[in-house]
Amino acid sequence: MTRSKKTVVGVALAALTGLSVIGISTQQLFAQSRRTINMVFPSRSDSTDLQIKADAVAAFISKETGMNVRAQVGDDTAAVEALRANRADVAFLSSRPALKAEQLAKAKLYLAEVRQNYSGGYTYDSVFVVPKNSSLRSGQSKATLGQLKGKKMSFTSPTSGSGFIFPVSQLVKLGFVPNKDRLNGFFGQVSYGGNYSKALQTVLRGQADAAAVSEYAMLPPYITNQERSQLRVLYKINGVPAHGVAIDDDVSVQDRDKLINAMLKLNLPGNNGLLRNLYNSTKLVRVNHSTHLAPVRTALQRIGIEP
């Protein structure tokens, strides 16, 4: 392309975008005219240097889609609010915030994370954990959970899926408690660790007889291998939906497909390190929003909590 033609193109782009061509190249004008996608990466307890890693993923997706993808780091609540306020287009979310994002922003989950330590691939187990030398007998029967009557129980937090919502839902389903507000009628004491590690520490220190956490919390970095040897799973609840990628409804179908296809390329060997660095996920898989999140929706309704 000749210099004069570049100038003509630059003027035409300027006319379309309202930008001045003085000191701005055609390449810069083209870059500024690209669709901008804001993607939120929530911080998690097992993620470090997340902004750097998120920027690397955003750069990869930008290159694959031709869109200007920008990475933001926050928490699940901030991610959902950003989707609602149209400050974000894409977000990595856990299951309950994904339901909230659907409710407030009409966003849907299109991809789910797979981890090697998820027993169901893109679903995992919620587990009741006791000391290895506990007199309580492990199993999968109603009687197994019945042994917890009158015991000191440590949940992760009132908002945790695997550390509260699914365990309490199972207790309600089996008839031990009527709802989330009547736990003290079954347990001798109820406490909340605040996170997986702290909930497990209450059991290790003898402050609680049992704790409810995710199955992967039984591994480093949540606890050490030595601490793990002092614990065992009393009872497990499978089918907890894995975290995934939600896309806002105002993203066009064409752009949405570009984003999904680009993220699926993170599964390829040459790109997989970018994905693993984020949240230790091995790959992303397509999921149906309603089907994937149905278990958590049911659990929430059973214990009387809104998404």
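Two strands count as paired if DSSP finds at least two bridges between them. That idea is a handy way into this predicted model, which holds an open sheet of six strands and another open sheet of five strands. Welcome to the tour; the points below go topic by topic.

**The six-stranded sheet**

- The strands of this open sheet follow the order β2-β1-β3-β10-β4-β11, and their pairing is mixed.
- At the edges stand β2 (68-74) and β11 (283-286); each has a single partner strand, so one side of each is left without a neighbour in the sheet.
- On average, neighbouring strands here are turned by 25 degrees against each other, direction ignored.
- Strand β4 (residues 108-114) and β11 run antiparallel and are joined by four bridges.
- As background, strands of a sheet pair through backbone hydrogen bonds, either parallel or antiparallel.

**The five-stranded sheet**

- This second open sheet has the order β7-β6-β8-β5-β9, again with mixed pairing.
- Its edges are β7 (189-192) and β9, and because each has a single partner strand, one side of each is left without a neighbour in the sheet.
- From one strand to the next, the twist averages 20 degrees.
- Strand β6 (residues 152-155) and strand β8 (residues 210-214) run parallel, with two bridges between them, and S154 stands opposite A211 in β8.
- Helix α8 (residues 196-204) packs on this sheet, where it touches β5 (123-131), β6, β8 and β9. The direction of α8 makes about 155 degrees with that of β8.

- Helix α5 spans residues 95-105, and its buried residues include S95, P97, L99 and A105.
- Among the elements that cover the buried residues of α5 are α4 (76-84), β3 (90-93), α7 (161-173), β9 (231-241) and α12.
- K106 is found in the loop between α5 and β4, and its relative accessible area is 61%, so it is exposed.

**Two residues worth a visit**

- R302 lies in helix α12 (residues 289-303) and is partly exposed, with a relative accessible area of 32%.
- Which residues does R302 touch, not counting residues up to four places away in sequence? They are S169, V172 and K173.
- The C-alpha atoms of R302 and I165 are separated by 9.3 Å, although the two residues are 137 residues apart along the chain.
- T282 sits in the loop between α11 (272-279) and β11. Is T282 buried or exposed? With a relative accessible area of 14%, T282 is buried.
- Leaving aside residues up to four places away in sequence, T282 touches V114, R115, Q116, N272, L275 and R276.

- Most residues other than glycine have a negative phi, and most peptide bonds are trans.
- D49 has a positive phi, near 50 degrees. D49 lies in the loop between β1 (36-42) and α3 (50-65) and is exposed, with a relative accessible area of 55%.
- P220 and P221 are joined by a cis peptide bond, with omega about 10 degrees. P221 belongs to the loop between β8 and α9 (225-228).

**Aromatic rings and charges**

- A search of the whole structure finds 15 aromatic pairs.
- In one of them, the rings of F186 and F187 have centres 4.9 Å apart and planes at 75 degrees, so the pair is edge-to-face. Both F186 and F187 are buried.
- The rings of Y196 and Y222 also form an edge-to-face pair, because their planes are at 70 degrees and their centres 5.7 Å apart.
- Y196 is in helix α8 and Y222 in the loop between β8 and α9, so this pair ties together parts that are 26 residues apart in sequence. Y196 and Y222 are both buried.
- A cluster linked by ring pairs takes in F155, F164, F176, F186, F187 and Y192.
- K142 lies over the face of F176, one of the rings in that cluster, at 5.7 Å from the ring centre.
- The charged end of R44 sits over the ring of Y279, 3.5 Å from its centre.

Key: Residues numbered from 1 in each chain as written. Predicted model: local features only at pLDDT ≥ 70, side-chain atom pairs only at ≥ 80, totals over all residues. Heavy atoms only, no water. Axes fitted to C-alpha atoms, helices over the stretch in contact; angles between N-to-C directions. Buried < 20%, exposed > 50% of the residue type's maximum accessible area, 1.4 Å probe, protein only. Contact = heavy atoms within 4.5 Å. Phe/Tyr/Trp six-rings, centres within 6.5 Å; stacked < 30°, edge-to-face > 60°. Lys NZ or Arg CZ within 6 Å of the ring centre and 35° of its normal.
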